[in-house]
Amino acid sequence: MPKNSKVVKRELDDEVIESVKDLLSNEDSSDDAFKKSELMVDDQEEKDVDVEEGSDVEDERPAWNSKLQYILAQVGFSVGLGNVWRFPYLCQKNGGGAYLVPYLILLLVIGIPLFFLELSVGQRIRRGSIGVWNYISPKLGGIGFASCVVCFFVALYYNVIIGWSLFYFSQSFQHPLPWDQCPLVKNTSHTFVEPECEKSSATTYYWYREALNISSSLSESGGLNWKMTICLLAAWVMVCLAMIKGIQSSGKIMYFSSLFPYVVLLCFLIRGLLLNGSLDGIRHMFTPKLEIMLEPKVWREAATQVFFALGLGFGGVIAFSSYNKRDNNCHFDAVLVSFINFFTSVLATLVVFAVLGFKANIINEKCVIQNSEKILKLLKTGNLSQDMIPHHINFSSITAEDYNLVYDIIQKVKEEEFDSLGLKSCQIEDELDKAVQGTGLAFIAFTEAMTHFPASPFWSVMFFLMLVNLGLGSMFGTIEGIITPIVDTFKVRKEILTVICCSVAFFIGLIFVQRSGNYFVTMFDDYSATLPLLIVVILENIAVTRIYGIEKFMEDLKDMLGFSPSQYYYYMWKYVSPSVLLCLLVASIVQMGLSPPGYNAWIEDMATEEFHSYPTWGMIVCISLMVLAILPVPIVFIVRRCNLIDDSSGSLASVSYKRGRIIKEPVNLEGDNTSLIHGKSPSEVPSPNFGKNIYRKQTGSPTLDTAPNGRYGIGYLMADMPD
């Protein structure tokens, strides 16, 4: 018995020691949890101590492997197809070199400040666009959803353009290039040139008939174009594989997709400068027309180009910056990426007009030869006198200068009957003044110029591979603007969401690879993004400067960057940028109202484009695109304003909307922690009994790491409290 008594006593002592250890460990963990909740709930001054520092989820958030990878990702997103085929057109149309002045001014006024703002909020809050704007103001949480909708609309047709580039890329591995000559048509009696091609040109015919096999109107679908359907599928497979692991997979591809276009542009520039007539194109490009610079239209188009060139409002900028460290110098990133974008546009403009100058020189030489032959015939028939022709003119090897001299003499002498002679003025400037943009530049004008290059297949392969990479870089940012906010908010697996998103987009995108698909691309490009994105960015600016508070935001930037940003940004964000954006919005609405809604249809019989107005159902689609894109903003505002979401439901959607309120609302920490998790005010819950609760875990009570979205529940509180 004594022995057994000792054994029992030893066991009892062990149990007492173990229970004390458990007691102390539980006390420590509970204290830690309570301290974390206190930091997250009450500290308005130091908003740095939020969910990111107290959550295991945040520690697991992906990060860029290096600063270079991040910069290349932002450059790849902002530098896209518009830099190659939109900026040169605007530069040529709006005063040549003089256009750079309003562009640079607006880049400094709205471009860099707003780009810096998006980088800052993404890096500060470390969420996608939905989480960022929910954090700042739950009532404006619809901004993030609107960005996702616009990204989805743009991705639908943007990847179609990549599909077109893939088709041309695949057709470039042959000599001569398939768009070099018009095809011949054989019948039972003789062979002749395809009439549609003969009336237009070889490259124009190849684009409209061989590549698109285009129908004559929007209403005439014509069925699927299977060549383009396969190319579209290939484009979506490439995007899906690159994005399936998020920045871990797409970040590595950025090294090639972002840098390769610069290699190609530099190669084209060097090659272009060696071509005959290239300097004429560059000289024409940068000859300033100062009188045009004063027109309001020039400033409106410059502001629109700045806005879209940097990818503002899409959510891709916020998504990419959310994977940064909190102390990253995002101000330096904003300035660097903005000016890289600008200089890329200038480089692309040099390349485009060097090549177009070469093309214009070739066309001008043909014009001189054809009209010189007409003059010789008129001399033989006696319609023109030999005395009018200067003695040094040799029509067998006449130059453009000599021809223009003869042309001017004939025009003065035969002033009354000059029009009946059928002579043309062969001026290289007239050819360069023909403004070409978009697909007309890439798939018609540039491809025609490349047919005259030595080793033309090589240059064609390089050019269309560059277009594919430019498109993919922008697509990565666009898809990231969809995936990241949804993953952050609803906690779905990124791999599954990426596959679903790309699959749905491919099947919806089949409307763009019908024979009438090019007209739908034009419709989406004109109506799905412009006005919605302007509204989104205006609301972003208001959310930060008016609702969150510009002074508080400047303090956050100082804490995050380690230095105070220039007061220049304070005044830009608070006064100048919103004013300019509102003016741009009004101007865009007026321009849209004055311009008849329609599209350029290709008429096969005449082999030319003809403007068609949208049918009634087409107008409904255009309006629906704009309404659907901006609809999330009022819906979320009404839902939050009227408290239509049950906060106790624990649904993912309701959790995401409650983020920022508790940071701004004072909370009585004397209440029980569990009241915060359940969304009750402290007055509704009895005072805590720390003697009983803090030392043991109650069954059925929520713990700090079992919030509906996997983060600490304390960050999503009291959304029902009155403002």
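This is a predicted model: local features need pLDDT of at least 70, side-chain atom pairs count only at pLDDT 80 or more; totals for chains, interfaces and linings use all residues.

The side chains of K67 and D333 meet in a salt bridge, with 3.1 Å from N to O. (A salt bridge here is a side-chain nitrogen of Lys or Arg within 4 Å of a carboxyl oxygen of Asp or Glu.) This pair ties together distant parts of the chain: K67 sits in helix α4 (residues 67-78) and D333 in helix α18, 266 residues apart.

Residues are numbered from 1 along each chain as its sequence is written, and side-chain values use heavy atoms, with hydrogens and water left out.

Are the two partners buried or exposed? K67 counts as partly exposed because its relative accessibility is 36%, whereas D333 is at 0% and so counts as buried. The cut-offs are under 20% relative accessible area for buried, over 50% for exposed, and partly exposed in between, using a 1.4 Å probe and protein chains only.

How many salt bridges does the rule give? The count comes to seven. Side chains of opposite charge can pair when their charged atoms come close. One of the bridges joins R283 and D280, at 2.9 Å from N to O. R283 and D280 are three residues apart in helix α14 (residues 278-286), so about one helical turn separates them. D280 is partly exposed, because its relative accessible area is 26%. Another bridge connects E495 with R493, at 3.7 Å from N to O. R493 has 55% relative accessibility and therefore counts as exposed, while E495, at 23%, is partly exposed. Then there's a network of salt bridges that links E196, R209 and E604.

Next, helix packing. Two packed helices are described by the angle between their axes and the distance between the axes. Take α18 again, the helix that carries D333. The axes of α18 (residues 330-381) and α19 (residues 400-413) come within 10 Å and cross at roughly 45°. That angle makes α18 oblique to α19, and their crossing is left-handed. For α23 (residues 456-490) and α24 (residues 494-508), the axes also come within 10 Å, with a crossing at roughly 140°. That makes α23 oblique to α24, and this crossing is right-handed.

A few conventions sit behind those words. Axes are lines fitted to C-alpha atoms, for helices over the stretch in contact, and angles run from 0 to 180 degrees between N-to-C directions. Angles under 35 degrees count as roughly parallel, over 145 as roughly antiparallel, 65 to 115 as roughly perpendicular and the rest as oblique. A crossing is left-handed if the near helix is turned anticlockwise from the far one by less than a right angle, and right-handed if clockwise.

Most residues other than glycine have a negative phi, and most peptide bonds are trans. The bond from H175 to P176, however, is cis, with omega near 0°. P176 lies in the loop between α9 (142-171) and β1 (184-186). N213 isn't a glycine, yet has a positive phi of about 45°. You'll find N213 in the loop between α11 (202-211) and α12 (226-243), partly exposed at 31% relative accessibility. A607 is another non-glycine with a positive phi, near 55°. A607 belongs to the loop between β3 (598-603) and β4 (608-613) and counts as buried, because its relative accessibility is 7%.

L631 falls in the loop between α28 and α29, and is partly exposed because its relative accessible area is 34%.

Key. Helices (H or I, at least four residues) and strands (E, at least two) are DSSP runs, numbered from the N terminus.
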